[in-house]
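The sequence and the model are shown first.

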Amino acid sequence: MRMTSQQATTTLWRPAGPRELDLVRQLNWRAWPPRLPEQPIFYPVMNEDYAIRIARDWNVKHDGAGFVTRFEVGTEFLSRYPVQQAGGRTILELWVPAEELDAFNAHIVGEIQVVHEFRAEAPLTADSLPAEEGLTA
């Protein structure tokens, strides 16, 4: 938790794929896009390590790239969302119902920042291998 001159804020992280990050960029780094019909909740996470694991291990596999974002939200507002333990002791999330995302976005303080980026390694092809001197095709 951090104190700003006006209000206490809590730092949250969100792993995101390239499509979601593009939508955040279109929203001037100030809001999260609406959820898709199959996404009933928006879940920011409570610690950076957990966000890194999701971005690196899940988003890269499914989307070719994963990003970890960091942002601040008013602590008083967040008190309406109990912390959910979604696995081990450090697997902590907030579950924000999709219909409450506009209110959540209104309580973001400052900009959403990208703090880590992970990309799939390009597969090796004959064209990407370095040419060996003295060899011809």
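Is Trp29 buried, exposed or partly exposed? In this predicted model, Trp29 is partly exposed because its relative accessible area is 21%, and buried means under 20%.

**Loop residues with positive phi**

Trp29 lies in the loop between H1 and E3. Its phi is near 60°, a positive value in a residue other than glycine. Asn28 is placed in the loop between H1 and strand E3 (41-42). Asn28 is not a glycine either, and has a positive phi of about 60°. With a relative accessible area of 55%, Asn28 is exposed.

| Residue | Relative accessible area | Class |
|---|---|---|
| Asn28 | 55% | exposed |
| Trp29 | 21% | partly exposed |
| Ala65 | 2% | buried |
| Thr69 | 0% | buried |

**Overall layout**

The protein chain holds 4 helices and 8 strands. Along the sequence, these follow the pattern β-β-α-β-α-β-α-β-β-β-α-β. Of its 137 residues, 36% count as buried. Among contacts in the chain with a separation of 6 or more, 77% are between residues 24 or more positions apart.

**Two residues of strand E4**

Strand E4 spans residues 65-74 and includes Thr69. Thr69 counts as buried because its relative accessibility is 0%. Its side chain reaches the backbone oxygen of Arg14 at 2.9 Å. Leaving out residues up to four places away in sequence, Thr69 touches Leu12, Trp13, Arg14, Leu21, Trp32, Ile112, Gln113, Val114 and Val115.

Ala65 is also found in strand E4. At 2% relative accessibility, Ala65 counts as buried. The C-alpha atom of Ala65 is separated by 4.3 Å from that of Arg119, although the two residues are 54 residues apart along the chain. Beyond its neighbours within four places in sequence, Ala65 is in contact with Ala16, Gly17, Pro18, Asn59, Val60, Phe118 and Arg119.

**Nonpolar cores**

Which residues touch the most other members of the largest nonpolar core? They are Trp32, Phe71, Val73, Leu78 and Phe104, out of 15 residues in that core. The elements giving two or more residues to this core are E4, helix H3 (75-78), helix H4 (101-106) and strand E8 (108-119). A second, separate core has 9 residues, including Trp13, Ile52, Ile54 and Ala55.

Not counting residues up to four places away in sequence, Trp32 touches Arg14, Glu20, Val24, Leu27, Phe42, Thr69, Phe71, Leu101, Phe104, Asn105, Ile108 and Ile112.

**The largest pocket**

About 500 Å³ of space lies in the largest pocket. Of the 19 residues lining this pocket, Arg14, Glu20, Arg35, Gln39 and Asn59 are the closest to its centre. Strand E2 (8-16), helix H1 (18-26) and helix H2 (48-63) each give two or more residues to the lining. The largest share, 5 residues, comes from H2. By residue type, the lining divides into 10 nonpolar, 4 polar and 5 charged.

Asn59 is in contact with Ala65.

Note on methods
Residues numbered from 1 in each chain as written. Predicted model: local features only at pLDDT ≥ 70, side-chain atom pairs only at ≥ 80, totals over all residues. Heavy atoms only, no water. Buried < 20%, exposed > 50% of the residue type's maximum accessible area, 1.4 Å probe, protein only. Polar contact = N/O pair within 3.5 Å; in protein donor to acceptor, adjacent residues only side chain to side chain. Contact = heavy atoms within 4.5 Å. Core = buried A, V, L, I, M, F, W, Y, C linked by side-chain atoms within 4.5 Å. 1 Å grid on protein atoms, 1.4 Å probe; cavity = no way out; pocket = protein on both sides within 12 Å on 5 of 7 lines; lining within 4 Å. Points joined across faces, edges and corners; volume = space filled by probe spheres on them. Nonpolar A, V, L, I, M, F, W, Y, C, P; charged D, E, K, R; others polar.
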